[in-house]
Structures are given as C-alpha cells and as structure tokens.
Amino acid sequence: MVAAAGFPRAHGTALLGVATAVALLAGALVVHALPVLPPRWLDGTFALLGAVLLARPRGRAIGFLLLGFAWCAFRTDLAMESRLPRALEGRDFTLTGVVDGLPRTRAGATSLQFRIEQATLDEAPLDLRGLVRLSWYDDAPPDLAACTGWRLRARLKRPRGLVNRGGYDSERQALERGVVAGGYVRDAEAAEFLGTRPLCVDGLRGRLAAEIAARVPDAHDAALLRAFSVGDTRGLAAADWDTARINGVSHLLAISGFHVGIAAVFGALLVRLPWRLRPRLGLVLPLPVAQAAAALAVAFGYGLLAGSSLPTVRTLLMIAVVTLTRFGRRQGSGPHGLALALIAILAFDPLATLAPGFWLSFAGVAVLMFCLVRGEAGVWGYVRGLGAIQLAMTVTLLPLTVWFFGQASLVGAASNLVAVPVVSFLVVPLCLLGLAALLTVPPLATPVLLLAGWANHGQWWLLERLAALPGAHWYLPDVSLWALAAASLGAMWMFLPRGVPLRPLGAVLFLPLLLPLRSTPAPGAFEVHVIDVGQGLAVLVRTAGHALLYDAGARYPSEFDLGEAAVLPTLRALGVRRLDRIIASHGDNDHAGGVPAVAREHPEADVLAGEPGRLPIASAQCEAGQAWEWDGVAFRILHPDTVAIAATHKGSDNDRSCVLLVTGAGGRLLATGDISRRVEPRVAAELPPGPAPVLLVPHHGSRTSSGADFIAALDPPLAIISAAWRSRFGHPHPEVVARYRDGGVPFANTAEAGAVEIDFPIGSPPSITARERERQRRHWRE
C-alpha cells in the first residue's frame, strides 16, 4: 500500500519497520510511566486486542502499541515476581551458584554478582533464581574469581536503594539487569569452593586482563587497556571516571557498541586481503557477503569479551541485520536496520528500555542518520565532517544526558574530536591484535600492547588537561518532561539539512533546561530537605539566598561516599550552586564521612563541627551561643557547651553533637545530631520560647535517645527519622517509635519515605511537601 501511494517499495518497507519499532517502544514507555503494574488479565486482553488490530491496516499502529505494552508489562511482572519474597528479607540462605562477571576488591570488602542455581532456607528448597549482588567482607578467598562455583551462606534482602532528587536509581537498574536480591556473605569460613566452570567467557576475560596488567608496566595505562580490551574497569579510579565524564567520553572508557562497531570494521577489512589476492573466491562467496560474515564473527567474539552489555547487543543486532541483508542479496537502509535492531531488542528484553544507554545509543545513531548529509571530499572535508559529527552528537544527546545524569560536558565535542579517531584507528585495533596474540602467540602481544598503551597515554594526558579547563563541565537542576521535549526538538532542528529556515533558533529551545523546577523560599521562610543517606544523616536548609548543610552521610572503606552519591546530586538537582556553611554535628562516620567530598566541591563554605579534631579537613568548633541570621531566618547553636564538657570530662562523642535551632517566620526546626537522653534535658532547657519545633529525631531513633520527657517538653508537630532500611542497628527502635506515637507526634522515616522535604512558609504551619518514594513512584520501586 505504501508503494502504491507513491513511495518506492524499499522506502515503504523501511517506513513500516520504523513505524512498528516506534509503536512497540511507545507501548513499553507507557508501562514504565505507571506507578503500579497492571494485572495479568489486562496484559492478556491487550495482547489479544493488539493481535486483532494487526489484521486491520488502519489499526496496526495501535495494535503494535498494545502488543508492546502487554509484552513489556508481562516481562516486568515476571521480573518483579522473581525477586526475593518480602517475608523472607533479613534471613540467612544457603546459595549454590557461580560468580557472574569480574569480582571487584576494595579495602575491606569484595563485591560480586552471584548467579543462583540452587537456594535453600533452613535446609528446605527455595524457588529463587537469578542474580544477587553480594559483598564479601574482610579478606575474600583467593579462589574467588569469575566463573568459580560456590556454596555459601548469605543474608539477603530485596533490591532497595536510596531515593533522592537527582540521585541514581539503583532499583530501576536492578530490574533492568535482573537482580533479584542483595546482601552479604555470612560465615565466610564455611563457604565451599566448587571448582571453576568450563567454557566460561568471564573467566577468559579475567585471565586476559591479568595478562595485560603483567605486560604493560604503567599501572594506569594497563588499567585503561584492560577497560578497552575486555571491559574490565576494576583498575580505574574515581578520578578516571571524573575525567571521562567531564570530557563526555565515558562511552569510550569501557567496551561499548562503538568499540564493537570498530571491531566489525576491522573484521571486514581483514577479509579483503585474501579476496584481493584470490579474486576467484568471489565466485564462491561474494566479497560483500564475506565481509558481512567476518564483521559479525569478529564483533560477536569481541562482544563476548565486553560482557554482552546492552550497547554491545544493540550493535551486534544491527550488524546481524546487515549480514542477513547481504546474504539475502537485499539492500537495507540505515533507518530500517536501526528499526529492526530496536524491534529485536524489544522482543528479546523490553526491560532494556530502562537503561540510559539504550536511549543514548539509539538516539545518537538515529540523529546522525536523519540530521547529517554527505560531507565534502578530501582530507579537509573528512576533518570537517568528523567535527560536524562530534558537534551534532554532543548537542543532540545533551537533553538526554541532562535528563538522566543532570550534567553536561562543554568540551565534549573537542574531546571526542580527538578521542574518537585515536580510539578508532589506534587503540581498539591494537587491542584486538593484542588479544589475538595473547590467545595464539603470547610473546608477540607485549609490543602491541605497549604501543596501544603509549597511544592511550598521550590521549589521556590531553583529556586531563581539557577536564581542568574552567567551565568544562556543568551540572544542571532537575528538568521537567516538557523541557526535555523542547530541547530535543531544538537539537534536531539545529542539525536539519541546509535550507531549513531558522535553524539557529533551535538553540532557544534549550533554555528551559537551565530553569530549576522550584523557586527559592521567600524572605523569612525556609525549606528543609532531609536527604536519604541510609544509615546516617544529611540535611539541607535553604533560605531565600543562602544554603546550609547539616551533616553529609557516611564514607565507607570501599570508597563509596554518600557525600558524592547522595548529597551532591541532591544539591545539583535543586539548583544549589553555593553552600554558605557546612555543619558536621560530630565526628562519627555516618554524619561526617561525606563532608570532605562536599567541601571539595564547595570550597566557599565555612565548616563548623562538634568534634573538629576528628575531621580530615579544617573546621571550627561549633559552640553553644553562636548565632547568625540569613534572609530573615535565625540560626542558633544550642549545644555543645565545650567548657562544661571539658570541666566534667563526661559525655560520649555523640553528646558533643552540634544542636542547631532554625527559626523562621512560620516555624522552627531543631537538628539534634546523635545526642543521648543524658543531654536532652539541657537542650530542652536552652530552647527559647516560640512555636514547637519540627524535630530531627536524635541518633536515628536509637533507644538511648528521645526520652519521653524530652518529647513532652518539645511537643513537636512533626518528627523526622533518618535511618537505613532494615538497619543493622535496629533504628528506629520500637520503644522510641512507641514514645512518639504515645506523644501524638506524627513522624516520617527516610527508610520508608526516601528523602523528605518540609516547608516552613510564612503564615502557615510547617508541613511535609514531598516524600521522594511517593513523588517518584514507579512500578519498580520497593
């Protein structure tokens, strides 16, 4: 019908493929926008209705949309159902299975993915299969490696992460990657090694990574080559990821679809030589067909070494489409091939649409196909064309990058202009040759890998200099869906072919990305954000023109830092570009561990601390009586009285916590750190007359705090508990919860609500305006 309407048949087929892919994708998107999954009977009804509509030409688009919805909803329901049952959280299980991927060893712990083959609870079989994320604390056994089988005891819980504005959604990632539980190994000495599984690609990846490290003397060069060669990023430091992120080259740092595409080209070029030497081979198998087959074979082998990530699978599917069209003597268009790859992924794994890489990879290829035209001939034309491609990729993917990550690289086009050719023509081909040599003639691998290391060393030196340029990288506040749509439209408009009018005006549609979703409080009012940091505390207080951070969560020996992972993303998402003051209530890690990371990004902030000597950065002693005012909001330190503490030599470190009172025109906030019942009467006595304050519950609801007299004296209209889900310390203690309930005090717990936002407006009582688990409610949310 399309051909009859005036389109060539090839164009009609391509349009039909694109329309089908878009409709299926739209159905999956509708599922992911739902707060809860539909019942299975509705999935079946939609699938049946969609199949009926496919028989009607005018109903095919709706039919494919319904089929996409039903298939994605059904697969998502199965994935959620496969998770550890809620009633069994916190129990110890005996697991038999194999280490999936490459374990990562850090100070004090080894993290790994474990694929369960058999599970028992209290010696009874349990229907639990899939991936679990485990931590093996202290010293893991030397046999713990990829592809090794184990029988071990582990304490498990369902995948559950922190929920903040701007924070990384680990629960969404767990669903996308098929993770059914998380936990840690118990009774490590009783773990039983069951041998190494044969024919396991991850084991080969680990051995090749070790060979590369042994042959390249510079540890940093070796770490980068391991990432390029076998997707092993364990040797990369946080600074390396920062450099890559600032330059917009994170997609180059580990094996991605880009690398697999280069490998495919490399394989196709290798085939040309024998066909050129023996032209008669073309009579047996035409050169284009042979090249397509070789490209698929080399790409498939390299993709296995990459760990078969989504971008890798997407590229392999596209190469497979090209191969099939070559074998079938058909001429396939780029959009048609992209559409077929999209349909294949949606059919194979519709949950892949949850991954940012899915959108970035498909959007990047689609934009290049639709917005770029053939460039000029010659070397200068090639250079200009490459520059245009990198500029187009940087600008067109900017809206999606801001949507998913809240950041933008302003040197990305220049960085990719250098990095892409170096990686394409030097690093990846040399890595491929090095891997081939390691597998066949190991002595020949050393000079090849050294050459690749030198090439990459020079490239990385330049990327570090570009990352250090002022303004090279920007963080942006949370953006709305309409701002994303406007910026995406503007990006496509800017790179439409020449002759389209007013193309530069597309840049105007990027402006909504710069606008924060919420305004700052009025003078005299303030707002409070209790950030979800698990076991710890971090609180942002904002006035009309100032911002204060009270504590910043923990930093663990594994180098996981809540200051970087939760606090800073929240500040960026809220548009807080300047911190005026940081208060570390006391020196305990769950309060002060993240302070250095925040202070590094906000050197303008002065730092007060209850225990300055326990902080690794310079800070001043916070002292009872200190007071200041910002924008009509008064701040006052009520505790500690360091003179009295020094005179008596009594009190725990917790009792040295800075207690902060914030007073606005519409209410008050009392932040208490980890004080115990021993000093609570003193704090209550120091509280000046005024409205009852909203209370940040002392010590996460520990039974050593929140005495009944203290609660009665304050009579808070609202209490906020900052605690971890299924806290190993038992916070909040049931007795403490009962005290607040007996006192008629409503409370919210970050373990259940995620981050909590409280408004203190003028003329109205303070109230909770957002619980992030409710505001960001999705079907994958626990």
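I started at Arg 636, which stands opposite Leu 661 in β18. Strands here are DSSP runs of E, at least two residues long, numbered from the N terminus. This is a predicted model, where local features need pLDDT of at least 70, side-chain atom pairs count only at pLDDT 80 or more, and totals for chains, interfaces and linings use all residues. Residues are numbered from 1 along each chain as its sequence is written, and side-chain values use heavy atoms, with hydrogens and water left out.

**The sheet**

I looked up β17 (residues 633-639) next: it pairs with β18 (residues 659-664) in the antiparallel sense, over five bridges. Pairing takes at least two DSSP bridges between two strands. I then found an open sheet of seven strands with mixed pairing, in the order β16-β17-β18-β19-β20-β21-β22. β16 (627-630) and β22 (747-749) are the edge strands, each pairing on one side only.

**The cavities**

I counted three cavities of 30 Å³ or more. A cavity is a set of points, on a 1 Å grid over the protein atoms alone, where a 1.4 Å probe fits but cannot get out; lining residues have an atom within 4 Å of a point. Grid points join across faces, edges and corners, and the volume is the space filled by probe spheres set on the points.

The largest cavity comes to about 70 Å³. Its lining includes Val 530, His 700 and Ser 722.

Terms used:
1 Å grid on protein atoms, 1.4 Å probe; cavity = no way out; pocket = protein on both sides within 12 Å on 5 of 7 lines; lining within 4 Å. Helix = DSSP H or I, 4+ residues; strand = E, 2+ residues; numbered from the N terminus.
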